Amino acid sequence: QSSESGSNPVPMDVKSEVKPEVKPTAISAKPSGDPEPMLERIPSSPAQLVDLQAIDPRIRLDIRYATTNNFLKQKVYPVSRCLLRWAAAEKLIKAQTELAKQGLGLKVYDCYRPLSVQKQMWQVLPDDRYVANPANGSRHNRASAVDLTLVDRTGKELEMPSGFDDFSQRSHLGYQGGSQAAQKNRRLLVDTMQRHGFLPIQTEWWHFDVKGWQDFPILDIPLDAASLTVDRSKN
Ligand SMILES: C[C@@H](N)C(=O)N[C@H](C)C(=O)O
Ligand SMILES: [Zn+2]
């Protein structure tokens, strides 16, 4: 499961020295027939933080923690934004491209999450099946995890065995209940993400860690920090 016991926690002094930057990344459409965005400036390193919406607007966002529609019942993000390491974003774009060929797509609920928000979550739900212990950090704090679901071409969510952040057996990958369609949709999501370099966790069908997440440090910069400004005019 997703708690990070066994991994090396990043010392606080190292965390506070990290000053990541989100660089503008321009995209343009490829010639018709090929729906994958063409990046005009490939990010310089897998660790670079990128704004997913700026680099692939095909992927839908419903950033729940930027609303009150979440288990905390409060808005804990100042902006609705999906920041990810380039290593994760590029894989997600490929998964989206594959799904688009079947008339489907991805809808993201959460990406990078500051460590301070992880601490708030842990206070409400100190259960490491469903919330990573901030003493170790979450892979979301490393901008290396994503919570997401499948949508049809109109943006309607496909049926899954439970809702997002339903912290019960129904959200476990081993849960065999629910409709056949929900089972099939969960299988498609997990298979697609695994094929594109993500690792599922057993207790949440919507959560995936990018392979190599250990390479990226825990961050606690706010989602709306000035240094994270992305110049969307270059798109
Ligand atoms: C809170 C939930 N959406 C989530 O992301 N849980 C995992 C285990 C985490 O906190 O890393
Ligand atoms: Zn998650």
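Rings of Phe, Tyr and Trp (its six-membered ring) pair if their centres lie within 6.5 Å; planes under 30 degrees apart count as stacked, over 60 as edge-to-face and the rest as tilted. With that in hand, here are the views. The model is predicted, so local features need pLDDT of at least 70 and side-chain atom pairs count only at pLDDT 80 or more, while totals for chains, interfaces and linings use all residues. Residues are numbered from 1 along each chain as its sequence is written, chains are lettered from A and ligands numbered from 1 in the order in which they are written, and side-chain values use heavy atoms, leaving out hydrogens and water.

**View 1. The aromatic cluster brings together nine named residues: Tyr65, Phe71, Tyr77, Tyr109, Tyr130, Phe164, Phe167, Trp205 and Trp206.** By the ring rule, the count comes to eight aromatic pairs. In one of them, the ring centres of Tyr65 and Phe71 are 6.3 Å apart with planes at 85°, so the pair is edge-to-face. Phe71 also pairs edge-to-face with Phe167, with centres 5.0 Å apart and planes at 80°. Phe71 sits in the loop between strand 4 (60–61) and strand 5 (83–85), and Phe167 in the loop between strand 7 and helix 5 (180–195), so this pair ties together parts 96 residues apart in sequence. Helices (H or I, at least four residues) and strands (E, at least two) are DSSP runs, numbered from the N terminus.

**View 2. How covered are the rings of this trio?** Buried means under 20% relative accessible area, exposed over 50%, and partly exposed in between (1.4 Å probe, protein chains only). Tyr65 is buried at 1%, and Phe71 is buried at 18%. Phe167 is partly exposed, at 22%.

**View 3. The zinc ion (ligand 2) is held by His140 (NE2), Asp147 (OD), Asp147 (OD) and His207 (ND1), at 1.9 to 2.8 Å.** Donors are N, O and S atoms within 2.8 Å of the metal (3.2 Å for Na, K and Ca); water is not among the atoms, so sites may look incomplete. Along the sequence, the donor residues follow the spacing H-x6-D-x59-H. Asp147 belongs to strand 7 (residues 145–152) and His207 to strand 9 (residues 204–210), so the two tie together parts 60 residues apart in sequence. Both Asp147 and His207 are buried.

**View 4. Arg139 lies over the face of Trp213, at 3.8 Å from the ring centre.** A charge sits over a ring if NZ of Lys or CZ of Arg is within 6 Å of the ring centre and within 35 degrees of the ring normal.
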